[in-house]
Amino acid sequence: MDLDVFVSAHRAEWDRLDALLRRQRRLTGAEADELVVLYQRTATHLSLIQSAAPDPQLTGRLSQLVARARSAVTGARRASWRDATRFFTHGFPAAVYKSRHWWVPTALLSTAVAALLGWWISTHPEVQASIAAPGELRELTRPGGQYETYYSSHPATSFAAQVWTNNAWAAALCLILGVFLGLPVLWILFQNMLNLGVGFGLMSSAGRLDTFLGLVLPHGLLELTAVFVAAGTGLRLGWTVIDPGPRTRRTALAEEGRAALAMAIGLAVVLFVSGAIEGFVTPSGLPTWARITIGVAAELAFLAYVYVLGGRAARAGETGDLEAAERSATVPTAA
């Protein structure tokens, strides 16, 4: 293809398309039709140039022109409060509900591992000695010790922000790293359960398990549930790499990956609530029963949100992925 002849033959069409795109006033019906036709032609011209006679400068110009024309033809969709409302009333709870077969077993198994570790540590003095010196252990577990003062060691606002940031980062890592066959997710989950088991075991051996549970349960129920949801979703993403089902692996990963990233936003809000409880309720002077009641209420509210609102949305066809109009077209595959 003679590039100079091709440019001379079609330059007027490109210039006309550019002029229509720069038009400040509203286009007439005829001009809008012309814009669509010129957009289609220019897209074809760009494809021909890229395949037959690639020229960086001309390709760059036409690529920009086609992108502007596509935006004008299809219309740029802007996010709105309606989108955010729909996400939190349909998309996010439906995504959590649909992944329940992953995160519920993850929660049960992880809790069992933490309890087993706590029992092992509490009943084996030699294990406790390997964790820290006897004096350090007494400082950790005594009344007014480090386990109790930890929650009031910083101003409530900054402490809540720090906790929220750390937990949101851990949840995001579970969701993102799940694509590596879920192996990093298992490690992150084990580290969390190990920390919980160590606290459980040491405080139990000191006869202060009730104090430990009174400090952990108010915020820990919701916080750990969010972590379990993230871990279960990450594991499901890792399994998708192994077994994408009837979908192509690329399509399956795209769908599950988009849902996982969207879930990270929703879980950040959930962890914000648990961080606020940890920063303001856990170290407060409220009776232990009142603090635990607040934590249980927050947990039950989240579970109702997922199983009632999310279940209804999932049965209506919501998946937590982008709406069909916003997704790339895919080629049907045989079941």
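Which helices each supply at least two residues of the nonpolar patch? They are α10, residues 183–205, and α11, residues 209–242. Keep in mind that this is a predicted model.

Let me start with that patch. It sits on the surface, and its members are L181, L183, L186, W239 and I242. Together they expose about 510 Å² of accessible area. I242 belongs to helix α11.

Next, a helix pair. Two packed helices are described by the angle between their axes and the distance between the axes. Here the pair is α4, residues 81–98, and α13, residues 288–315. The angle is about 100°, and the axes are 7 Å apart. Angles of 65 to 115 degrees count as roughly perpendicular, so α4 is roughly perpendicular to α13.

Who makes the contact? From α4, we have F88, T89, H90, F92, P93, A94, V96, Y97 and K98. From α13, we have F302, Y305, V306, Y307, L309, G310, G311, A313, A314 and R315. By type, that contact has 13 nonpolar residues, four polar and two charged.

Last topic: salt bridges. How many turn up in a search of the whole structure? Twelve. R68 is in helix α3, residues 56–74, while D18 is in helix α1, residues 3–22.

Methods. Residues numbered from 1 in each chain as written. Predicted model: local features only at pLDDT ≥ 70, side-chain atom pairs only at ≥ 80, totals over all residues. Heavy atoms only, no water. Axes fitted to C-alpha atoms, helices over the stretch in contact; angles between N-to-C directions. Helix = DSSP H or I, 4+ residues; strand = E, 2+ residues; numbered from the N terminus. Parallel < 35°, antiparallel > 145°, perpendicular 65-115°, else oblique. Contact = heavy atoms within 4.5 Å. Nonpolar A, V, L, I, M, F, W, Y, C, P; charged D, E, K, R; others polar. Patch = residues over 30% accessible without salt bridge, like charges linked within 9 Å, V, L, I, M, F, W, Y side chains within 5 Å. Areas by Shrake-Rupley, 256 points an atom, 1.4 Å probe, with all protein chains shown as cover. Salt bridge = Lys/Arg side-chain N within 4 Å of Asp/Glu carboxyl O.
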